[in-house]
Amino acid sequence: MKTGTMVAAVLAGLVALVCTVLVARQNGSLSVQKPAMKQTKEVKDHPKIAPHGPYPKAVFDESVFDFGAMQFGTRKSHTFVIRNNGKVPLEIRDGGSTCSCTVGKLTDGAVPPGESVKIEVSWKPYAPDDHFRQAAIVWTNDPEHKEINFAVTGTVEKIASIIPDRAWDVGLIADGKPVTVTGRIYSRLLDEFNVLEVSSGNPHIKGEAIKFNAKELTGLNAKSGWTIKATVLPGIPVGRLNATLTIKTDIKNQATETVAGEIAPTADASRNASYTLAVTGYRPGPMRIVPTAGITWNAVRSTIGLGSFRHEEGRTAKLFVYIGGLQGKQRIKVLGTECDLQFLDVQLDTKNVVSVGNQQRYLLTIRIPPGKLRMSRTGSDPVKVVLKTNHPELPVITLNIIFVSL
Amino acid sequence: MVMVQRSIHTGGIACRCCSRRWIRRPRHDQSSGDGTIGPMTGTVFVLMFGVCLFLCGCGCDRDGPSADGKTGGKVAAQPPPKPMLDGWKKPAVAIVLSGELHGYLEPCGCSATQSGGLSRRADLFRQLAARDWPVTAVDLGGLVKRTRVQSRYKFETIGQDYTEIGYRAIGLGPEELRLGADYLISRQPPEPDAAGSPPLLISANLIFYGTPDLGVPARFRVIDVGGKSIGVTAVFGKSLKDNVFLRGAQGDITFVDPVKSLATVIDELKKRKVDLLVLLAQAELKESRELARRFPELNLILSAGGPEDPDGKPEQIGRTMLVTTGHKGKYVGIVSFYPDDAKTPLRFELVDLDKFRFQNTPGIDNRMREYQKRLADFASQVMKDVPSGPHPSGSRFTGVETCRRCHTKAYAVWKTTKHAQAYESLKTGRKDQKTRWISRIRDPECLACHVVGWNPELLSRYDSGFMIQELSGDHPQRYSLLQGQQCENCHGPGSRHVELETLWNQDRSKTTLEAVVALRKQVHRSKETAERMVCARCHDLENSPHFDFQKYWKDVEHKGRD
């Protein structure tokens, strides 16, 4: 091969190499900054502003309309007016809107001096919203009002709202004592509605409804409403309560899907609306463990998760243990400890005890010293810790400890 | 790297990325006559190889949507957005503010024309870092919407994204409180100041387990950045209390008067001589304004209770700046601190996370993949946690193949529509998304509108509705026959209608014409009903922003009878 040919081939190879690198960078995973995407499609222009006066003068009495409350799924409209108080024509153009739920009806054109033009804005929100605000945009050639936002604002309401609006958590259910909680159902759209029944599938839960007085209506800015009382009676088993509460009303043109846990109406003209809530709570036994940061606690399996850590560093975890069922100044004592992992240390601090209501709070410390073996103890093979105590209801406390020591 | 493969049979060479044959090489080179490549031919070969590589690089599909998310087509008439923070001098500190994400990991809905998403948000941080600005970030809270297993996975994904991006503190909104104290505690780091620790949950007036010294939530956080000290605290307002705290309940989380709690925390922060005092207020705007008046030492308040799309104008209450940043993560706020500017020490801009100025971030996108994979790996737990129940009509879903037996013409129309491909589209995405699409066939939030027998408003499932393959068990037809948007999603479950029609044809003594006709009326849908009550259940603003009922109706309209 001649020299010249070789040089040409080398040059061509270099070109190919450069191309390859460019392509690889564009198609590869290197975090190279790509240029910001250009808007390549056609864009409407603002009306041109004259280099010097006289200018048109856009005047409008209102640019924000508060529609108050409306029902979601319905449509409303309002008309704004722009007047041209200038001496030359005011050009106006449709600049779109802040969301497709809001439409401004405007024909592009020019408003002669001294005349007005109406802009009709209509909107149909797609979801309830306590702070609905959207705008139709008008562009003009008035240098002081190149862009005018005609906004509509207000609340978009469901036909009726419940607070709290998700699961009702009654919290701690003490032994032998009923717990009564109250929520509310109200409407900002209906002048009146009735609660026909408040019921639960759980025999330990009773419900009742009490109509709002004037003060309660004012407090919620509601037109109608009811207080809903749910009472959890003594006798539920120790552990978590998972039940439902159904509120049946005479609200027409809505029907709920009675799916426990969440509330929403669906459209069915023939049915009265009923709302089903999940009701949860917790009846503690004599002991409750509360995790601290980074620690998991599974009460069903009595499992404490210490997470992952480096074996050279070890891990110390502290948890609070709330113990009930002790009288006066009586304290729990640990009479013996068994653990199937020799170097795992478990201590219950029985000296620095804090009284919290009718319970006592102890600090439980679990320690894996630094420098021990790498190991993984998971749910199928946790470390078993057994604490023997003097508590009449808790003679034995069994804990499962899981962790990954890397 | 683009691959080039040799096609043996034809002697040509195909570029794998674009499948074009750009050269035909004879089996036996005729120019030299001896089977070797001549010098000129070799040079041309190499040059064209380089050109092909370059062209392939330009022609191959890339990550990122086109301007309107489609190939071709027109966008809404909007001027291009101005550059972010245009003309701003470098501040002593830039604080990125966000809140009320409500679970929107990606741009609001699935539509490419929407704003937001954590991937673009991460790119905003990258751009700020490129300017060499000292940056920190705090979030108001309201990260997720629900309390399901999926919501927790999402919460954890957001936590990981926030850790990577550099968030330092998160307030507690109603959404967080509904997740429960146990769960929130387990998500907090045992050593909050260690490098790479997740952001701290903070609240001045919420106490877990009646234990103020628990350490979770933290009462405040002091963030040292750019040589300045930013004191951040948060409150849960009285105005939101009734939304979460049931009157009479003794839950694990106690609400304490925010004014008293805030006074104590502010005193503490003042002792620490912070340069800025920031409050994350989970409260209605009215209450946030009252807090600004009561505590004029606050420099900045990020408040809940604002509109989904704010106007971007901060309120000034005395010396306190009050801002909102909207919902669904479409925007973030940037506050720049200029301590030497006595007149305007704080400057605010609401930044729309649009697709023109912000690109996707591979690390965040990968985490989205991991999130979808987690939904798939733990599909059983995720699906069992989806609320379910019988359909109120009492009927069951049967699938389009049953409808087809009698309604062949309606079926023929349906088969041509995108409704028929709805499930497949979850696997492959739109045409412009194929290279970066992450399959969603085990994501309940997506399935609700892409299969039969789910309630898209409640994100719940009817007992006879679609079920993913691994859980369809004794009813495999619930997986195989209920994919896509089929007849029954609009007309209601058809089992009873089918039973009566069959009975009417086979033995009229067992039913009545009135009963048969009544059920036909029940499953009939007029155009008006469709417009008012049916289509918008899935074609909502977020997922179908260009939805035009009159236009789309023409694609799906069909007569019932053959």
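Strand E8 (residues 129–140) of chain A pairs with E9(A) in the antiparallel sense over nine bridges, where pairing requires that DSSP find at least two bridges between two strands. Strands (E, at least two residues) and helices (H or I, at least four) are DSSP runs numbered from the N terminus. The model is predicted: local features need pLDDT of at least 70 and side-chain atom pairs count only at pLDDT 80 or more, while totals for chains, interfaces and linings use all residues. Residues are numbered from 1 along each chain as its sequence is written, and chains are lettered from A and ligands numbered from 1 in the order in which they are written.

**Strand pairing in chain A**

A hairpin of six residues links E8(A) to E9(A). Strand E9 (residues 147–157) of chain A also runs parallel to strand E2 (residues 64–71) of chain A, with seven bridges between them. There, Val64(A) has Ala151(A) of E9(A) as its bridge partner. Strands of a sheet pair through backbone hydrogen bonds, either parallel or antiparallel.

An open sheet of chain A contains four strands in the order E20-E23-E26-E25, with antiparallel pairing. Strand E20 (287–290) and strand E25 (345–356) of chain A each have a single partner strand and stand at the edges, so one side of each is left without a neighbour in the sheet. From one strand to the next, the twist averages 25 degrees; axes are lines fitted to C-alpha atoms, and angles run from 0 to 180 degrees between N-to-C directions. E25(A) is joined to strand E26 (residues 359–368) of chain A by eight bridges, and the two run antiparallel. Within this pair, Val356(A) stands opposite Gln359(A).

| Strand pair | Direction | Bridges |
|---|---|---|
| E8(A) and E9(A) | antiparallel | nine bridges |
| E2(A) and E9(A) | parallel | seven bridges |
| E25(A) and E26(A) | antiparallel | eight bridges |

**Domains of chain A**

Chain A is divided into domain 1 (58–157), domain 2 (161–283) and domain 3 (287–405), with bounds from an automatic or database domain assignment. The centres of domain 2 of chain A and domain 3 of chain A, taken over C-alpha atoms, are separated by 39 Å.

**Gly103 of chain B**

Gly103(B) lies in the loop between strand E4 (93–98) and helix H2 (118–130) of chain B. Gly103(B) is partly exposed, with 19 other C-beta atoms within 10 Å; on this scale 20 or more means buried and 12 or fewer exposed, with C-beta atoms placed from the backbone. Leaving aside residues up to four places away in sequence, Gly103(B) touches Val144(B), Lys145(B), Ser151(B) and Lys154(B), contact being C-beta atoms, placed from the backbone, within 7 Å.

Definitions and conventions
Contact = placed C-beta atoms within 7 Å.
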